[in-house]
Amino acid sequence: MPPRRSGGGEVLLVRSAAAAVFIALLARTWADPDLWGHLRFGGDMLAGGIDAPDPYTFTGLGRWVNPSWLADVLMYVVWTWGGTAGLIAGKLAVALGTVAVTGRTLWRGGVRGPALELLLLVCIAVIYPSVLSVRPQLRALVLFA
């Protein structure tokens with residue numbers, strides 16, 4: 001009797017299980033001490049514009065240049081629409097987008113099969129520490145990919 005060949009169904013099942021574990025790991029989120037400040041700054045910028053006076057700094061000149069103003073505004077909008085679950089979903093979207101861009105780039109470069117899957121696993125391992133909390137710097141992951 002010839003040996004039984006593994007079908008595509010088993011491979012799809014293993015890949016789906018790995019993706020589910022990846023998403024479950026990424027959904028775990030720790031509180032970042034700056035989160036509420038970033039949400040507040042984003043709301044202030046939507047209300048008063050980018051050049052609004054800074055009511056929080058008593059030693060400054062009254063104006064503050066926020067380097068993460070766009071991320072703060074986006075985080076505030078996501079938070080007003082979806083609350084904490086929305087922020088976690090946004091974080092997951094950034095992580096999955098990073099893996100997708102990396103995978104597409106590798107695929108277009110001719111990487112296939114187990115080498116592609118191994119490199120995507122390395123990508124996941126590298127971005128994992130960065131996505132444990134919701135921070136404005138998360139958007140840089142997709143840009144780096």
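## Burial and basis of the model

Of the chain's 145 residues, 26% count as buried. Buried means under 20% relative accessible area, exposed means over 50%, and partly exposed lies in between (1.4 Å probe, protein chains only).

This is a predicted model, in which local features need pLDDT of at least 70 and side-chain atom pairs count only at pLDDT 80 or more, while totals for chains, interfaces and linings use all residues. Residues are numbered from 1 along each chain as its sequence is written, and side-chain values use heavy atoms, with hydrogens and water left out.

## Fold and overall shape

The chain has five helices and zero strands. In sequence order the pattern is α-α-α-α-α. The radius of gyration is 20 Å, well over the 15 Å that the globule rule gives for 145 residues, so the chain is more spread out than a compact globule. That radius is taken over C-alpha atoms, and the globule rule is 2.2 Å times the number of residues to the power 0.38. Along the principal axes, the C-alpha atoms fill a box of roughly 80 × 30 × 20 Å.

Helices (H or I, at least four residues) and strands (E, at least two) are DSSP runs, numbered from the N terminus.

## Contacts, surface and charge

Take the contacts with a separation of 6 or more: residues 24 or more positions apart account for 72% of them. Contact means heavy atoms within 4.5 Å.

The accessible surface comes to about 9,900 Å², and 70% of this belongs to carbon and sulfur atoms. Areas come from the Shrake-Rupley method with a 1.4 Å probe; for residues, only the protein chains shown count as cover.

The chain carries 12 positive and 8 negative charges, and their mean positions are 15 Å apart. Lys and Arg count as positive, Asp and Glu as negative; His and the chain ends are not counted. Each charge is placed at NZ of Lys, CZ of Arg, CG of Asp or CD of Glu.

## Nonpolar cores

The largest nonpolar core has 13 residues. Those with the most contacts inside it are Leu26, Ala95, Val99, Ile127, Val131, Leu138 and Leu141. Helix H1 (8-27), helix H3 (69-108) and helix H4 (113-127) each give two or more residues to this core. A second, separate core of five residues includes Leu35, Leu39, Met75 and Val134.

A nonpolar core is a set of buried Ala, Val, Leu, Ile, Met, Phe, Trp, Tyr and Cys residues joined through side-chain atoms within 4.5 Å.

Val99 is found in helix H3. Val99 is buried, with a relative accessible area of 12%. Not counting residues up to four places away in sequence, Val99 touches Phe22, Leu120, Cys123, Ile124 and Ile127. Ala31 is 68 residues from Val99 in sequence and 23 Å away in space, C-alpha to C-alpha.

Tyr128 is found in the loop between H4 and helix H5 (139-144). Tyr128 counts as partly exposed, at 25% relative accessibility. Apart from neighbours within four places in sequence, Tyr128 is in contact with Leu25 and Leu26. Tyr128 and Leu26 are 102 residues apart in sequence, yet 7.1 Å apart in space, C-alpha to C-alpha. Ala18 is found in helix H1 and is partly exposed, with a relative accessible area of 47%. Ala18 and Leu121 are 103 residues apart in sequence and 9.8 Å apart in space, C-alpha to C-alpha.
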